[in-house]
Amino acid sequence: MTVLLDLLSWVALLLGSFFLIVGSVGLLRFPDFFTRMHAAGVTDSLGAGLILFGLMFQVDGQWIVLFKLLSILFFIWLTSPASSHALAKAALHHNQQPLLGDEVRNRKQAANE
Amino acid sequence: MGISMFSVTTVAILVSMILAITRAFLGPSLYDRVLAINVLGTKTVLLIAVLGFLMGRPEFLDIALLYALINFISIIGLMRFFEYSSSRQEEK
Amino acid sequence: MTIEFLVDIVLLGLLALTAIAIHKTRDLFASIMLTGIYSLLSALFFIVMDAVDVAFTEAAVGAGISTLLMLSCMPLVKKQEQPSRHHRPLGLVVVTLTGALLIYGTMDMPPFGSVDDPIQQHVAPRYLHQSMDEVGLPNVVTSVLASYRGFDTFGETVVILTAGIGVLALLGFRRSRAQEMQHRVPAMQQHMILRIISKLLIPPILIFAFYVQFHGDFGPGGGFQAGAIFAAAIILYTMLFGLSTARQVFRERYIHLLAAVGVLIYGAVGIASMLAGKNFLDYDALAANPLTGQHVGILLVELGVGITVAAVMIIIFYTFSGRLDKDDHKEPES
Amino acid sequence: MSYLLQYNYWIVMVLMMIGFYIVISHGNLVKKLLGLSIFQTSVFILYISMGKVEGGTAPILDEGIVLYSNPLPHVLILTAIVVGIATTALGLALVVRISESYGSIEEDDIQKMDNEQC
């Protein structure tokens, strides 16, 4: 049983770490604000989720710890999309245009907005 | 102690923190910096949680929870006052 | 060396880089953000150094409230820093010299983390070994803070009250209508999603503040942290719904009163123990059983601290943002 | 190796001096406050570093743990952080008043206006 839990933890933690690093590389390397935002999303959802899940398998009967981990996860999943959305909106209102290869499509989207 | 899963995760989080903080230093526009800070905050929460397990005292997760909360509040504060003062500067 | 040592080195390196970046950045908003990162990194460092209570306080106060206060006065001042006209080589010389002397001084310090350091020999063993019998709380930091060094903490609480009074004295007076109209911060009306999410979150945050307040005896937490968290929740409400709405929910008059009530509770506990025939703030006198007395005393004292800290932080934020958003000409009846 | 153990203290001194340098070299009053808070935090880091015991754990008593870090610096710094924010708030209030009276928060401008008045 413990071996199974440990195995699950290893998988979740390693995958989570992988997504964290991928997200950060994207944050550093992508060309403009909106694509960077996409990379940041990977960290918040997959990275944080997997790492916290990985930790949840290790609580070892301390239910209060499990509860705290769950509330952290709930909190992150609730707040970070909200703040990202507000951030994107604020950036768009302040003349931060997305960088697109196709300028026409860009205009169209702006008109639809 | 050997390689525990927590130490591997700690190293990964540290590496990704270094990358994110670089974006916060460079970030051409202010929004890039805010985004980097948001990501950095999430990573800090994770690092606190993992460190709790690494040191064998996971009952200190309260700090991680607090940080998740403070991160959200300060991002809102940044956006609010930035929007306001840039709109005032435009009027002038 | 262990993984903790690695974390320690990386965090300190990042701290130094952040400090240099703060020096280089001309944009004040960006500098304030970087200061936020700096606090966050130092909070992490405190966790690595086992100072969980300090990390808790730094996260709530340093990274949270302090950044928010800095930001709230930004609309009043210019966003860009002017390059200083005269270069100051003398400053660099002074700083380098002082730094070199300090580093030379560290050579004589006992090695880092050793159990035989003089600092570990003095009162620390007594706190660690006897506080369970004398005070009866698992969290040694709380027992030292509220019981052994209770008088000191009383002084700190008074300092915080004084700061609140000072800010009110400097900025609390009303300004003319014309000036008020100039500065008007709209509430974040266009951010509907943020408003709804925050409405959902504020009650859990307040409950969390109470948990931190009353769980401080057994884990990291206590009055200072809980007060800051409580204030942060109310600041969040103020930012999203405007100062006038917030003033209707949390009346300024009552908050002013509460700031003083907190200190009064603290002082009253001290007086009560004097009346019972012991020293000022000797909680043993509060109940027949000394341990119960300690429990009651620490609970009340922490409550007083929490009330004062929360009230003063809210007062300061109200005063700063009242300086800009006078969208409340229909002042609630006074 | 024994010098590596002083690494914490060295970095703390460097941080402290960066904060100090920001305070004396920048003319902007808000920036000076930021420098002050860096200085402050580095003093906190120095205290907390001294309280660390190798192999110890957080000073919250629990069964089966014998080695704890020193709780005394934690208490001192905990209250210092809160007093630190009180001074920052007071400083900011002064900055706001200065900017309202002078219309600037740059040291040079304020000095010039003062000289003109005399």
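In the predicted model, D:E100 has a relative accessible area of 27% and is therefore partly exposed, a class lying between buried (under 20% relative accessible area) and exposed (over 50%), computed with a 1.4 Å probe on protein chains only. Local features need pLDDT of at least 70 and side-chain atom pairs count only at pLDDT 80 or more, whereas totals for chains, interfaces and linings use all residues. Residues are numbered from 1 along each chain as its sequence is written, and side-chain values use heavy atoms, with hydrogens and water left out.

The side chain of D:E100 forms a salt bridge with that of D:R97 (3.4 Å, N to O); the term denotes a side-chain nitrogen of Lys or Arg within 4 Å of a carboxyl oxygen of Asp or Glu. Both residues belong to helix α3 of chain D, three residues apart, about one turn of the helix. Helices are DSSP runs of H or I with at least four residues, numbered from the N terminus. D:R97 is partly exposed at 26% relative accessibility.

By this rule, nine salt bridges are counted over all chains. One of them joins D:K32 to D:E107 (3.3 Å, N to O). This pair links distant parts of the chain, 75 residues apart, with D:K32 in helix α2 and D:E107 in helix α4 (residues 107-117) of chain D. D:K32 counts as buried at 16% relative accessibility, while D:E107 counts as partly exposed at 27%.

A further salt bridge connects the side chains of C:D50 and D:K52 (3.1 Å, N to O), and this pair crosses between chains. Both C:D50 and D:K52 are buried.

Key. Chains lettered and ligands numbered in written order. Helix = DSSP H or I, 4+ residues; strand = E, 2+ residues; numbered from the N terminus.
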